[in-house]
Amino acid sequence: MFHYLGETKFIFAVTIIVLIIIWFRKHDYRLTVFVIFSVGAGYGLYQLLKRVIERPRPEIVDQFSTFSFPSGHAVHGLLYLLTIAYLINRTVIITKNASIIVWISAIILTLLIGLSRITEGRHFASDVLAGWMLGYSWFVLCLWWYKRGNRERNK
């Protein structure tokens, strides 16, 4: 089940819904760009790395023909879940307990998506760990860009 939460089609569908909600409720251009950079450019980044590194997948029956490193489910799953958690905390959540629940839920789902790739034999553990590190690094960089721009606008 967690495999499907990390599928590119699902992630892009959720991202488009999130972008529509942001646009109609907030009209926040920078927040829209933040989501596009975090999820969309993060997708391009891990695809580029897959093509540069070209690590083969584990050998199992009916294995995919694409490359293994880094795990796209790990990268993309982390990016869209943390981005949504940030958006919910920024625009909806009022209490600290609710905020903690949202972040913990995003982290648990991220872990389960990545672990499902290892248990299915689609990736080596190092592919998933690298995917999480790449995704988290990219998310932090995008968040830094977004917050920096907001500080400059508020001066």
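Mentor: Helix α4 (residues 72-91) gives 4 residues to the lining of the largest cavity, the largest share; helices here are DSSP runs of H or I with at least four residues, numbered from the N terminus. The model is predicted, so local features need pLDDT of at least 70 and side-chain atom pairs count only at pLDDT 80 or more, while totals for chains, interfaces and linings use all residues. Residues are numbered from 1 along each chain as its sequence is written, and side-chain values use heavy atoms, with hydrogens and water left out.

A cavity is a set of points on a 1 Å grid over the protein atoms alone where a 1.4 Å probe fits but cannot get out, and its lining residues have an atom within 4 Å of a point. The whole structure holds 1 cavity of 30 Å³ or more, and the largest cavity has a volume of about 40 Å³, taken as the space filled by probe spheres set on points joined across faces, edges and corners. Thr 15, Val 18, Val 35, Val 39, Tyr 80, Thr 83, Ile 84 and Leu 87 form its lining, and α2, α3 (29-53) and α4 each give two or more of these residues. By class the lining has 6 nonpolar, 2 polar and no charged residues, where Ala, Val, Leu, Ile, Met, Phe, Trp, Tyr, Cys and Pro count as nonpolar, Asp, Glu, Lys and Arg as charged, and the others, Gly among them, as polar.

Turning to the helix pairs, the axes of α2 and α4 come within 10 Å and cross at roughly 20 degrees. This makes α2 roughly parallel to α4, a label for angles under 35 degrees, with over 145 roughly antiparallel, 65 to 115 roughly perpendicular and the rest oblique. Axes are lines fitted to C-alpha atoms, for helices over the stretch in contact, and angles run from 0 to 180 degrees between N-to-C directions. In contact (heavy atoms within 4.5 Å) are Thr 8, Phe 10, Ile 11, Phe 12, Val 14, Val 18 and Ile 22 of α2 with His 76, Gly 77, Tyr 80, Ile 84 and Leu 87 of α4, which divide into 9 nonpolar, 3 polar and no charged residues.

Helix α4 also has its axis within 9 Å of that of α5 (residues 96-119), at a crossing of roughly 170 degrees, and the two are therefore roughly antiparallel. Among the residues of this contact are Leu 78 and Leu 81 of α4 and Trp 103 and Arg 117 of α5, and its classes are 11 nonpolar, 5 polar and 1 charged.

Key: 1 Å grid on protein atoms, 1.4 Å probe; cavity = no way out; pocket = protein on both sides within 12 Å on 5 of 7 lines; lining within 4 Å.
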